[in-house]
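Hi everyone, and thanks for coming. Let me put the structure up on the screen, and then we can walk through it together.

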Amino acid sequence: MFFDFARRNVRLHWLRSLLAVLGIIIGVVTIVSIGILGNSLVLAISDSLSTVGDSIIVTPHAGGMGFGGGGSTPGLISDRDVEQIRRAVAPQVTIPVYSGSSRMKIGTEDTVGVIYGLKPDDIPILLELSEGTYLRGASSAMVGARFAKNNDIKVGSRISVGDKGSLRVVGILEERGMGFDINPDYGIVVDSRWFEDAFGQDGYDLVIVKVKELTRIEEVKSDIERQLNRRETVVDVIDTRAILDTILTAFGQISTFVTAIGGISLIVAGVSILNVMLMSVTERIKEIGVLRSIGTRRKEIRRMFLYEALILGVIGSGIGGVLSIFGGYAISIAMLQTTEYLFVPSSLIYIAYGIVFGIGTSLLSGLYPAWKASNLNPIEALRHE
Amino acid sequence: MEEEINEICSNGSIIRFREVTKVYPLAGGDVRALDGISLDIAPGEFIAIMGPSGSGKSTLLNLMGCLDTPTGGDLCIKGRNTRGMTDEELTVLRRDHIGFIFQQFNLLPLLNALENVQYPLTLKTGGRDCTGRCREVLAAMDLDESLFSHKPGELSGGQQQRVAIARALVNDPEILLADEPTGNLDSKTGTAIMALLDDLNRNQGKTIIMVTHDPAIARYARRIIRIVDGKISSSGGEAAALANVF
Ligand SMILES: Nc1ncnc2c1ncn2[C@@H]1O[C@H](COP(=O)(O)OP(=O)(O)OP(=O)(O)O)[C@@H](O)[C@H]1O
Ligand SMILES: [Mg+2]
């Protein structure tokens, strides 16, 4: 019955109710859309990261003096160190990597690109091929997808690397996305022996350890550290999962924060409901007096007004929930140029959040007016015109 | 203490005032609306309360209806002392035992005639369907069936007051309180309404307390209580009171 009363009253003042509902709709659509955008962003980023978190990356200790500890050249990892790592982590795979950059000439075009020197056997573990073959012969090269595209490189093309000689392209790599280990998309991959000959480098720039059992990452990491950093810190050891976690947590926090800002629009909507409800109370003072005089209890008056807020909230949040699918779609297209992260549970859950917050805000805004209505003095209310 | 409070109430009166005062604290000084009222009303009485404007008639009626509480003294309704009752208890007492009839009718504008009558019953029974009883009560007020679905705005004053009386009666209260029930009606309609109240008093034994300015209306009552300045100046029988009026 109180529900029925509330319903009639919402209908009677439909224009006013409509405006309040509109406020809630906008509020819900805003937070849901922003929430979905944030979530899609996180998903998109984790997708664009090549790493699934199964690697440990060993780099020369940043800022380390490298006083020949273990005989390594400052800023590089010596063969001996690599062997120590290999022994420490066995049976996990250890991949030493040379990396550098150089001017390159493709046909008549001059450009700059990254060069990675890898042992031919290690390449298939790290990289996928899209065309051609893996390295064959010392002066062959594989080219990153973006680099190939930007410079119009095909299997069979030739690349001159500075004054170091010329390479024949035997394969094009699959696009890999941003990685924490190597980023060959914008560069080329060559045989490590060719790299040694060409650049005369007597140490590796980094060592990648692939860990098959993800649960053992911590263990393997400390094995390496124990082996190499016994006397002084020679290398830095990081695992990609930790970086991944840090990045995703950071983005998650940003997206939560932005969603909270969207929540301000819900607060505005709440204020508009508060306003509508207070008007409703003021307008019906006499009626409340009558209701009280014929035996309506305070809590029943309260309930009546809360129902009114609830009706506005449910309608607003419901419509808002539906519209926010479109809102999420639009904002995904606009910001990410894709909707592939829209229809996934972690995005859609924001619709539920939005609806819950919408209804919650409405009820919260109805509390004070309901309290006010139920505490009116019945006689004064009756006398009110 | 509890015992003592209730002792005061157990004399068979349906309504009992013992040294009741009502003071409205105002910035410019307190207003003593009722000043030491003592009054016993027996079940089945039909009482008119008369007195000059501002003398405290409405205040007295509102106290009887538990819409307000005395500043001092004891007020008993149906043998129960209202002192110390919570708002909730007072409301339930009012809902189940007291019916209000107003000068302004005070029907709920959103509800039609039948729904207005249903409302208090639903409050009491918690929403069970009760159209049968409500139609009965409405019909007993000589309201035409065809008007049951009309909103208050579509009814005449007399018709509205009939609906209001039906609403007051639907929970079968022992006490009916009416503040100038004919004040907004022409004399012919007023007479018809009074005939209804008279019938309720005589044939259903309802205790009726009515505030009125109109001696012709007061004549329906069998006792007249006169109030001046918040004090009872006479609370005699019909003859004495009317002698005072004319
Ligand atoms: N809520 C209030 N606050 C302050 N004073 C009040 C209040 N209600 C009533 N009074 C005062 O109490 C006195 C009695 O008022 P009451 O309404 O009972 O008079 P009444 O006899 O019903 O008058 P009328 O015949 O004009 O209806 C008046 O002086 C009035 O001003
Ligand atoms: Mg009055």
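Let's begin in chain A, with Pro91(A), which sits in the loop between helix H3 (79-89) and strand E2 (93-106). What kind of peptide bond joins Ala90(A) and Pro91(A)? That bond is cis, with omega at about 10°. Please keep in mind that what you see is a predicted model.

Chain B has a backbone detail to show as well. Have a look at Glu19(B), in strand E1 (residues 15-24) of chain B. Glu19(B) is not a glycine, yet its phi is positive, at about 50°.

Now to the place where the chains meet. On the chain B side, 22 residues are in contact, and they touch 22 residues of chain A.

How many salt bridges are counted between chain B and chain A? There are five. One of them pairs Glu88(B) with Arg297(A), at 2.8 Å from N to O.

Which elements of chain B give two or more residues to the side that touches chain A? They are helix H3 (87-97) and helix H4 (113-125). H3(B) gives the most, with six residues. Sorted by class, this side of chain B has 10 nonpolar, seven charged and five polar residues.

Stepping back, the structure holds 32 salt bridges over all chains. Let me point out Glu115(B) and Arg8(A), whose closest N and O atoms are 2.7 Å apart in a salt bridge. Glu115(B) belongs to helix H4 of chain B and Arg8(A) to helix H1 (residues 2-12) of chain A, so this pair joins two chains.

Next, the empty space. Rolling a probe the size of a water molecule over the atoms shows where empty space is left. The largest pocket holds about 660 Å³ of space. Its lining is made of 27 residues, and those nearest the centre are Ile379(A), Arg383(A), Ser58(B), Asn62(B) and Asp179(B). Two or more lining residues come from each of these elements: helix H12 (378-383) of chain A, and strand E2 (31-41), helix H2 (57-64) and strand E6 (98-101) of chain B. The largest share, five residues, is from H2(B). The lining as a whole divides into 11 polar, 10 nonpolar and six charged residues.

What about cavities? Searching the whole structure turns up three of 30 Å³ or more. Among the residues that line it are Ser293(A) and Ile294(A), along with Arg95(B), Phe100(B), Pro120(B) and Arg167(B). E6 and helix H6 (157-169) of chain B each supply at least two lining residues, and E6(B) gives the most, with three. By class, this lining has six nonpolar, three polar and two charged residues.

That's my tour, and I'm happy to go back to any part of it.

Technical notes:
Residues are numbered from 1 along each chain as its sequence is written. Chains are lettered from A and ligands numbered from 1 in the order in which they are written. This is a predicted model: local features need pLDDT of at least 70, side-chain atom pairs count only at pLDDT 80 or more; totals for chains, interfaces and linings use all residues. Side-chain values use heavy atoms; hydrogens and water are left out. Contact means heavy atoms within 4.5 Å. A salt bridge is a side-chain nitrogen of Lys or Arg within 4 Å of a carboxyl oxygen of Asp or Glu. Helices (H or I, at least four residues) and strands (E, at least two) are DSSP runs, numbered from the N terminus. Ala, Val, Leu, Ile, Met, Phe, Trp, Tyr, Cys and Pro count as nonpolar, Asp, Glu, Lys and Arg as charged, and the others, Gly among them, as polar. On a 1 Å grid over the protein atoms alone, a cavity is a set of points where a 1.4 Å probe fits but cannot get out, and a pocket is an open set with protein on both sides within 12 Å along at least five of seven lines; lining residues have an atom within 4 Å of a point. Grid points are joined across faces, edges and corners, and a volume is the space filled by probe spheres set on the points.
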